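I opened a new notebook page for this chain. My plan is to look things up one at a time and write down what I find.

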Amino acid sequence: QVQLVESGGGLVQAGGSLRLSCVASGRTRSINAMGWYRQAPGKQRELVATISTSFNTNYADFVKGRFTISRDNAKNTVFLQMDSLKPEDTAVYYCNAEAAWGPVERQYESSYWGQGTQVTVSS
């Protein structure tokens, strides 16, 4: 199993910045892609950004040019640098890890989630 713990959320003014961190523990060798998702009240959880083991990145259109995802494989940590924050960025941000394990001939896969960290952007 994998455990994920997020940190770095808080209250900022529009135009400000925050950096989120997520530290993975447990069976970290099984982790492949990691990412950040967010969920605002009354809305579905949505993808913000993902990053592969080889550092290939993918971003939602609404954060391109403002957010940057990165990871430190040695420390089992993924980051989300958020700049030019907008009130509509207000949400609980969740860390995600996609894991695969088992022998080559029989692979198992699972998704893991952190408990989330609140980001609030004031007008």
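Leaving aside its neighbours within four places in sequence, which residues is L80 in contact with? I took contact as heavy atoms within 4.5 Å. I found L18, R19, L20, W36, V48, A49, F67, T68, I69 and Y93.

I noted the ground rules. This is a predicted model, where local features need pLDDT of at least 70, side-chain atom pairs count only at pLDDT 80 or more, and totals for chains, interfaces and linings use all residues. Residues are numbered from 1 along each chain as its sequence is written, and side-chain values use heavy atoms, with hydrogens and water left out.

Next I looked up the sheet. Strands are DSSP runs (E, at least two residues), numbered from the N terminus; two of them pair if DSSP finds at least two bridges between them. I read an open sheet of 4 strands, in the order β1-β3-β8-β7, with antiparallel pairing. The edge strands are β1 (2–7) and β7 (67–72). β7 pairs with β8 (residues 77–82) over 6 bridges. There I69 stands opposite L80.

Last, the disulfide (cysteine sulfur atoms within 2.5 Å). C22 and C95 form one, with sulfurs 2.1 Å apart. C22 lies in β3 and C95 in β9, 73 residues apart. C22 counts as buried because its relative accessibility is 0%, and buried means under 20% relative accessible area (1.4 Å probe, protein chains only). C95 is also at 0%, so it counts as buried.

Terms used:
Buried means under 20% relative accessible area, exposed over 50%, partly exposed in between (1.4 Å probe, protein chains only).
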